[in-house]
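The following questions and answers concern the structure shown below. Please keep the sequence and the model in view while reading.

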Amino acid sequence: MARKTLAWSLLLGMACSIVIGSYEESFPPRTFSSNNYHEAIQRLQSFKASLTRHDSIASASSSLSTFSSPSSAPSPSLSLQGVNNPRVYRVTSYGADPTGNSDSTEALLAAIEDAAKGPSEGYLMEGIRDLGGAQINLEGGNYLISRSLKLPVAGVGNLMIHGGTIRASDNFPEDGYIIDLSPSSNGRNSLPSYNFEFITLKELLLDSNFRGGGISVINSLRTNIDNCYITHFTTNGILVQSGHETYIRNSFLGQHITAGGDKNERNFSGTGITLQGNDNAVTDVVIFSAAIGIMVTGQANAFSGVHCYNKATGFGGTGIYLKLPGLTQTRIVNSYMDYTSIVAEDPVQLHISSSFFLGDANIVLKSKNGIVNGVDIVDNMFSGSNQGVEIVQLDQSNSPFQQIDQVIVDRNIARGMKLKATVAKMSMQGNGTSWSVDFNNVLLFPNLIKNVQYSLSSSGSTFPNHALRNVSENRVVIETNEAVAANVFVTVDQSALS
């Protein structure tokens with residue numbers, strides 16, 4: 001690298017000497033004043049700077065590429081494209097058509113191959129070559145492709161694809177993905193623990209043309225999907241399988257381009273995001289049309305700032321489906337479920353808070369093996385249509401919940417929906433010897449009270465003895481040894497937490 005730098009410096013110095021000599025000969029002999037002298041020096045400096053500008057190199061690249069066909073377009077090393085920035089691969093230099101009129105599959109794949117096989121800066125994870133921040137620049141173009149864009153080899157990282165639109169053609173495979181981060185069939189025989197690491201997909205519009213999906217990330221580590229718009233998918237907008245730490249942020253996904261109230265909403269299909277791996281995060285993402293907004297089958301995932309109005313629950317849609325019975329380990333915060341519900345199968349370690357549920361959207365705890373443990377649903381807002389929909393609903397059609405522990409549903413507020421909770425308070429006023437307080441209208445689980453606290457306030461002159469006589473069927477009975485006028489205050493808890 002040092003020798004190349006020295007060679008370029010010598011060539012540049014020779015060019016500047018020739019230019020200066022020619023420049024001096026073009027001037028008639030005369031005496032320079034101080035002002036003229038400085039003006040001449042500035043002009044020479046400006047001319048010298050123009051020789052080293054990246055724009056002039058890019059122009060040279062363009063002029064060279066015009067003499068070759070798209071299929072035989074020069075690589076960046078031949079076209080001088082990479083002199084100043086050797087790790088930026090501009091797809092038009094490979095013959096890609098930025099108008100989208102002709103197929104650019106081969107050109108895009110050629111750019112991707114050069115980037116993946118380019119110079120590296122050591123390793124990231126073991127077996128993952130560090131490509132040093134190589135960029136595949138789509139240059140704001142609109143490109144048509146007929147098969148998936150894949151990296152030619154596994155075991156590379158620190159690479160970005162950004163800045164343009166990619167559309168699937170009419171003969172694109174129906175089970176394919178526009179960008180497919182999975183090992184190529186002609187890749188290395190011995191794969192590393194992870195296929196790729198630190199791949200960034202940024203500022204992209206991906207149109208699947210109702211043929212397959214948008215992005216597939218298979219067994220990869222620390223993948224970034226940022227500021228993307230993915231539409232017209234039939235399978236998944238984004239599929240994450242195995243691996244971990246895929247971060248999806250600031251993006252929009254929808255099978256159909258709509259802003260709600262679509263007359264064909266009942267027919268929406270596909271899934272916006274499918275997470276089949278662990279330790280992923282979805283942040284500030286909108287899913288505006290799909291049968292399921294987010295399908296989760298991996299643990300320890302986090303969701304924040306998600307807005308789902310993909311397909312109303314009343315039409316059979318689901319906003320977020322947590323299909324991991326027995327070990328959920330999922331956090332959903334500060335999100336907006338817009339006519340779409342959250343469904344969790346046998347949830348174990350699930351946190352939902354600070355979110356807004358509109359249009360009778362609610363949270364459904366679905367029993368598969370009757371387990372619910374470590375669930376925290378607090379500080380949410382619910383708004384409905386006064387149809388009696390419960391903010392948290394139990395689906396025990398398969399089997400009743402029997403193993404219930406550490407479940408807290410509390411401090412939620414509702415308008416036009418029915419509040420349900422695991423903690424409740426009530427008071428009764430009466431004159432007699434028995435007070436029966438019924439909590440069935442508010443408690444989430446049937447026939448389950450694990451903790452009771454009560455107080456009795458009598459306005460009479462006597463001091464009656466009183467006791468908790470019965471707790472069953474979500475009712476609490478308190479009795480006194482004599483008839484008195486009294487107020488009874490009762491707090492019950494289904495969570496069994498101290």
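Q: Which residues does arginine 167 touch, not counting residues up to four places away in sequence?
A: This is a predicted model, in which local features need pLDDT of at least 70 and side-chain atom pairs count only at pLDDT 80 or more, while totals for chains, interfaces and linings use all residues. Residues are numbered from 1 along each chain as its sequence is written, and side-chain values use heavy atoms, with hydrogens and water left out. Arginine 167 is part of strand 5, strands being DSSP runs of E with at least two residues and helices runs of H or I with at least four, numbered from the N terminus. With contact meaning heavy atoms within 4.5 Å, the residues touched by arginine 167 are Asn142, Tyr143, Leu144, Ile145, Leu205 and Asp207.

Q: Is arginine 167 buried, partly exposed or exposed?
A: Buried means under 20% relative accessible area, exposed means over 50%, and partly exposed lies in between (1.4 Å probe, protein chains only). The relative accessibility of arginine 167 is 30%, so this residue counts as partly exposed.

Q: What distance separates the C-alpha atoms of arginine 167 and serine 208?
A: Along the chain, arginine 167 and serine 208 are 41 residues apart.

Q: Which strand gives the most to the lining of the largest cavity?
A: A cavity is a set of points, on a 1 Å grid over the protein atoms alone, where a 1.4 Å probe fits but cannot get out, and lining residues have an atom within 4 Å of a point. The lining consists of Ile112, Leu149, Lys150, Leu151, Ile161, Ile179, Asp180 and Leu181. At least two lining residues come from each of strand 4 (149-150) and strand 6 (177-181). The largest contribution, 3 residues, is made by strand 6.

Q: Which residues of helix 5 are buried?
A: Helix 5 covers residues 105-116. Its buried residues are covered by elements including strand 1 (88-90), strand 2 (129-137), strand 3 (142-145), strand 4 and strand 5 (156-168). The buried residues of helix 5 are Thr105, Ala107, Leu108, Leu109, Ala111, Ile112, Ala115 and Ala116.

Q: Why does asparagine 474 count as buried?
A: Asparagine 474 lies in the loop between strand 30 (466-472) and strand 31 (475-493). Among the residues touched by asparagine 474 are Val437, Phe439, Leu448 and Gln494. Asparagine 474 counts as buried because its relative accessibility is 2%.

Q: How many aromatic pairs does the structure hold?
A: Rings of Phe, Tyr and Trp (its six-membered ring) pair if their centres lie within 6.5 Å; planes under 30 degrees apart count as stacked, over 60 as edge-to-face and the rest as tilted. Ring pairs join Tyr229, Phe252 and Phe288 into a cluster. The number of aromatic pairs in the structure is 5.

Q: Is the pair of tyrosine 229 and phenylalanine 252 stacked, edge-to-face or tilted?
A: The ring centres of tyrosine 229 and phenylalanine 252 are 6.4 Å apart. Their planes stand at 35 degrees, so the pair is tilted.

Q: How far apart in sequence are the parts that tyrosine 229 and phenylalanine 252 tie together?
A: Tyrosine 229 belongs to strand 9 (residues 221-231), and phenylalanine 252 to strand 10 (residues 236-254). The pair therefore ties together parts whose separation in sequence is 23 residues.

Terms used. 1 Å grid on protein atoms, 1.4 Å probe; cavity = no way out; pocket = protein on both sides within 12 Å on 5 of 7 lines; lining within 4 Å. Expected span 1.5 Å × (residues − 1).
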